[in-house]
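Keep the picture open while you read.

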Amino acid sequence: MEIVEVDPIGAMALVDKSGAILLDVREDDEWTAGHAPGAVHVRLGDLDARSFEAAVPIVAVCRSGGRSSSAASRLAAAGLTVYNLTGGMGAWQRSGQPVIRDDGAAGAVI
């Protein structure tokens, strides 16, 4: 199954218009340093497609797009509608989208 790539603006449109889940598959330290507001964190190694509803689209994101592509492939193979955020959190931040820490303070992409 082919994975559709989306840019940060496309990812936000999917979240806003279709209720897509922004799924961050980075490691704990990367998540703690900074993540997209409203994102859901599940490390790639802990990813289980059965924990997601088939009716809800998913936008997978990591630092640069590699791990999220792997996650997207696994989720798509399980029959879920999934997109990969091209360029990952680096592209997200460069496009002007917010990056925060859990306490709401400004975060960083590491």
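This is a predicted model: local features need pLDDT of at least 70, side-chain atom pairs count only at pLDDT 80 or more; totals for chains, interfaces and linings use all residues.

Residues are numbered from 1 along each chain as its sequence is written, and side-chain values use heavy atoms, with hydrogens and water left out.

**Strands**

Helices (H or I, at least four residues) and strands (E, at least two) are DSSP runs, numbered from the N terminus.

Between β2 and β3 sits helix α2 (residues 28-33), and the three make a right-handed β-α-β unit. Right-handed means that, with the strands pointing away from you, the path from the first strand over the helix to the second runs clockwise.

**Helix α1**

Which residues of α1 (residues 8-18) are buried? They are P8, A11 and L14, where buried means under 20% relative accessible area, exposed over 50% and partly exposed in between (1.4 Å probe, protein chains only). Seen down the axis of α1, the buried residues fall within an arc of 120 degrees, so they line one face of the helix. That arc is taken from the directions from the helix axis to the C-beta atoms. Turned the other way, the face of α1 away from the buried side carries exposed I9, D16 and K17. Just past α1, G19 has a positive phi of about 70 degrees.

**Cores**

A nonpolar core is a set of buried Ala, Val, Leu, Ile, Met, Phe, Trp, Tyr and Cys residues joined through side-chain atoms within 4.5 Å. The largest one here has 16 residues, and L23, L47, F52, I58, L75 and V82 touch the most other members. Helix α3 (66-77) gives the most to this core, with 4 residues. Another core, of 15 residues, lies apart from it and includes L22, W31, A39 and W92.

**One glutamine**

Is Q97 buried or exposed? With a relative accessible area of 17%, Q97 is buried. You'll find Q97 in the segment after α4 (88-94). Leaving aside neighbours within four places in sequence, Q97 is in contact (heavy atoms within 4.5 Å) with P8, I9, M12 and W92.
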